Amino acid sequence: MNARRRLLVAPAVLALALTAACSNSSGGSGGGSGSAAALTGDCAKFQPYAGHSGTKVTMFASILSPESDNLEKSWADFSKCTGIKISYEGSNDFESQLPVRVTGGNAPDFAIIPQPGLLAQMVKTGKVVKPPAGTVANEDKWSPVWKTYGSVNGTFYAAPMSANMKSLVWYSPKILKDAGIEVPKTWADLMAASDKLAKAGGAKPWCGGIGSGTATGWPATDWLEEIVLGSYGGEVYDQWVDHKVKFSDEKITTAMQTLAGWMQNPAWVNGGIGDVKSIATTTFQDAGAPILAGKCAMLQQASFYEAQWPKGTKVAADGDVFAFHLPAVNPAVPNPVEGGGEFLAAFSDRPEVQAVQDYLSSSDWASSRVKTASGWVSANQGVDKSLYTDPIDQLSASKLTDPTATFRFDASDLMPAAVGSGQEWKSLTAWFAEGQSIQRVTADIDAAWPQ
Amino acid sequence: MNETAAAHDAEPDPLAKHVTDTRPAPAPGPVRKAFSNPIASVIVVVVTVLWTIPTLGLLVTSLRPKQDVAETGWWTAFAHPDLGLSNYHTVLFEGGFGVSGGLLPYLVNSLAISIPATVFSLVLAAMAAYALSWVRFRGSDVIFFVIFALQVVPLQMALIPLLQLFSGGAHLGTVTIIPAFDLSGTYAPVWLAHTMFAMPLAIFLLHNFISQLPRDLMEAAIVDGASHFKIFRSIVLPLCTPALASFAIFEFLWVWNDLLVALTFAGGTPEVAPMTVRLAQLSGSFGGRWELLTAGAFLSIIIPLIVFFSLQRYFVRGLLAGSVKG
């Protein structure tokens with residue numbers, strides 16, 4: 001983004017009206033030096049970021065409207081006070097478009113990257129700029145493991161923004177209550193409850209769907225990850241991510257058998273939808289619908305599934321649907337939490353970009369986003385937990401910031417893309433859809449691991 | 001691209017007969033008979049109806065409320081009509097990501113991208129096709145062959161290099177061959193990319209058409225003292241209107257429906273993003289609002305329909321010119 005050099009040569013050569021007429025490029029970056037006017041009143045808290053009035057930064061992410069509207073609202077005051085315009089663009093082709101734009105030399109100022117694997121790939125291009133001191137200082141507000149996920153080879157690059165919790169089980173309070181079942185606290189309770197529901201012959205205990213367009217299969221990877229984390233703890237999980245523990249390792253195949261006993265148990269699934277195979281053909285968005293219809297008791301899905309419930313659904317312990325923390329398979333593993341998150345990487349070191357980067361890594365911004373609308377959780381310890389109004393957000397926030405929790409990032413987002421968003425999706429889908437053997441599934445995934 | 005292939009098969013041929021006049025004119029009889037055959041008519045009607053049913057389903061779905069769509073098929077709407085325009089209202093007037101006013105700004109962007117991109121490629125291709133077929137110069141056959149061969153290069157392969165060229169320029173050592181144009185945030189990269197990608201096919205099609213124009217006409221014009229530009233403007237352009245129109249339709253539809261090029265070259269700026277980019281985002285991060293896609297899809301085909309119907313008579317003429325006239 002060497003704007004100045006470009007400005008020197010461009011007019012001399014191509015003064016065509018079509019290029020010049022609508023060019024709204026860099027231009028004057030105004031008073032960058034300390035002569036910033038003091039911000040007063042409501043704006044006073046943005047004083048550290050002042051001095052870049054009239055500038056614009058671009059941001060590219062995979063978050064779309066309506067979720068992105070809340071994001072834009074959360075920094076509206078910042079933009080108004082500091083005069084830095086944040087031009088946001090969301091795309092559901094983000095993962096494929098970002099590498100194209102970065103290697104093509106047309107990188108945005110910021111990218112909100114949900115996969116540490118993609119962040120590492122971007123860092124390799126050499127275009128990611130290290131964060132300014134202000135951002136690095138803010139990172140002490142995150143638990144150390146989050147800083148690791150925003151780092152590549154030990155160098156910190158991207159500040160975490162949001163966190164979502166994947167280890168949740170959505171359930172129908174009514175069905176559980178009618179069957180006389182307490183909310184399960186341990187894996188054994190959960191299995192016993194499932195068995196009881198199945199034998200009662202009413203609603204089936206579980207429903208599920210792993211369909212998601214070209215990303216079909218990702219919910220199944222989450223199920224496997226939760227079982228691996230809950231069975232063996234963080235250390236084995238990390239080795240698995242690094243392929244030191246292979247998929248064909250006995251530990252992982254045992255985890256797959258546990259998963260098969262749970263989500264491939266014909267007596268337990270697929271409530272209100274069909275047989276085991278229908279899990280592969282049901283989209284993850286539709287998978288929870290039978291819970292509201294009273295045909296299915298439970299669905300394992302992340303905290304962001306809350307957005308899928310139709311308008312008017314009461315999400316509460318005494319409502320239409322609610323969620324509990326998926327217990328650990330092995331009680332010796334303390335509080336396993338699998339989650340995802342988003343990281344803010346910068347591709348420019350212009351002063352206004354650094355100001356925005358500092359602000360978005362602060363707990364002020366995180367609080368502002370939490371206040372804007374529910375359905376968003378920050379793992380920032382500086383956010384006052386009483387700001388969360390939604391019960392699911394409260395539950396997720398308390399688990400995500402719990403210092404005793406065994407928190408791990410979604411493994412498929414950490415593995416190389418060829419596996420994590422390729423072969424693992426395909427093979428696990430085939431496992432559900434065609435009943436392929438565990439041996440074949442794990443061998444296929446291991447074979448796809450880049451050497 | 002199947003239609004395009006069919007079009008160029010049909011185009012050059014008829015005029016060839018027209019010009020050389022050595023072969024007997026094709027009898028119109030069999031064609032006409034085939035079309036007036038009642039069985040054929042029934043088949044045509046059945047195929048047309050079958051072909052239209054999905055579109056009808058889309059239309060009906062776009063008018064139904066979300067809950068109904070999730071629970072029952074669109075055909076049940078005929079038994080229990082509960083239709084409304086709320087999806088259209090949401091798509092058209094509820095703004096998203098920084099541009100207020102819903103879909104309309106993107107509609108304007110789509111037009112601002114499609115029309116110039118179509119015009120640029122038509123003008124350049126028509127001139128190139130004329131030059132390659134009627135201006136004698138050394139190597140014209142080779143150039144034509146190379147352009148024709150370029151059709152095999154997939155667009156996707158050229159995306160990153162072209163983006164690098166736009167943003168970084170081309171350098172040989174320290175010598176700047178092409179400077180870096182600061183085009184990001186404007187329509188220009190999208191126009192240029194579409195024009196470039198359209199060029200091989202456009203030149204190929206128009207060359208086939210223009211090269212079959214009667215030599216006598218050109219010679220008469222030269223004898224009368226017309227320059228190449230005069231010949232091109234007064235003789236070639238009017239004569240190849242049907243070919244131009246049919247290619248204009250293809251190119252317009254292609255650019256209008258394009259998402260990949262727009263995402264790549266209009267990158268990072270909602271101000272210049274076309275409608276396809278907006279439509280792709282309508283359903284939300286987790287696909288929760290997919291019922292809006294049906295309404296969005298219907299709104300997006302209005303303009304192509306207008307273009308098609310207004311150029312349709314040229315289009316049919318372009319495909320069939322001469323073949324029935326004999």
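In this predicted model, 16 residues of domain 1 of chain A are in contact with 17 residues of domain 2 of chain A. The side of domain 1 of chain A that touches domain 2 of chain A draws at least two residues from each of α6 (116-124), β6 (159-165), β11 and α18 (391-400) of chain A, and the largest share of that side, six residues, is supplied by α18(A). The domain assignment of chain A describes domain 1 as 43-165 + 339-400 and domain 2 as 168-337 + 413-448, and the centres of domain 1 of chain A and domain 2 of chain A, taken over C-alpha atoms, are separated by 29 Å.

**The nonpolar cores**

The largest nonpolar core holds 125 residues, and the members that touch the most others are Ala111(A), Ile112(A), Trp170(A), Leu224(A), Val228(A), Leu344(A) and Ala345(A). Helix α11 (residues 218-232) of chain A gives the most to this core, contributing eight residues. Because domain 1 and domain 2 of chain A both give residues to this core, it lies between them. Val228(A), when neighbours within four places in sequence are left aside, is in contact with Val236(A), Tyr237(A), Trp240(A), Ile252(A) and Ala255(A). A second, separate core of 61 residues includes Ala125(B), Leu205(B), Phe252(B) and Val272(B).

**Strand β3 of chain A**

Strand β3 (residues 110-113) of chain A is covered on both faces, with Phe110(A) and Ile112(A) buried on one side and Ala111(A) and Ile113(A) buried on the other. In a regular strand the side chains alternate between the two faces of the sheet. Strand β1 (residues 55-61) of chain A runs parallel to β3(A) and is joined to it by three bridges, and Phe110(A) in β3(A) is the bridge partner of Met59(A). With strand β11 (residues 336-346) of chain A, β3(A) pairs in the antiparallel sense over four bridges, and here Ala111(A) stands opposite Ala345(A) of β11(A).

**Backbone features of chain A**

Most residues other than glycine have a negative phi, and most peptide bonds are trans.

| Residue | Backbone value | Loop in chain A |
|---|---|---|
| Asn270(A) | omega near 0°, cis bond from Val269(A) | between α13 (250-263) and α14 (278-281) |
| Asn335(A) | phi about 50° | between β10 (322-325) and β11 |

Asn153(A) is exposed, because 8 other C-beta atoms lie within 10 Å, whereas Asn335(A), with 16 C-beta neighbours inside 10 Å, counts as partly exposed.

**Chain B**

The secondary structure of chain B comprises 17 helices and two strands, and 34% of the 326 residues of chain B count as buried. Of the contacts in chain B with a separation of 6 or more, 72% are between residues 24 or more positions apart. Helix α4 (residues 38-63) of chain B has 26 residues, which at 1.5 Å a residue should span 38 Å, and the end C-alpha atoms of α4(B) are 36 Å apart, which agrees. Within α4(B), a kink of about 35° lies at Ile53(B), shortly before the proline Pro54(B), and the buried residues of α4(B) include Thr61(B), Ser62(B) and Leu63(B).

Notes
Residues are numbered from 1 along each chain as its sequence is written. Chains are lettered from A and ligands numbered from 1 in the order in which they are written. This is a predicted model: local features need pLDDT of at least 70, side-chain atom pairs count only at pLDDT 80 or more; totals for chains, interfaces and linings use all residues. A residue is buried if 20 or more other C-beta atoms lie within 10 Å of its own, exposed if 12 or fewer, and partly exposed in between; C-beta atoms are placed from the backbone. Two strands pair if DSSP finds at least two bridges between them. The expected span of a helix is 1.5 Å times one less than its number of residues. The bend at a residue is the angle between axes fitted to the seven residues ending there and the seven starting there. A nonpolar core is a set of buried Ala, Val, Leu, Ile, Met, Phe, Trp, Tyr and Cys residues joined through C-beta atoms within 7 Å. Domain bounds come from an automatic or database domain assignment. Two residues are in contact if their C-beta atoms, placed from the backbone, lie within 7 Å.
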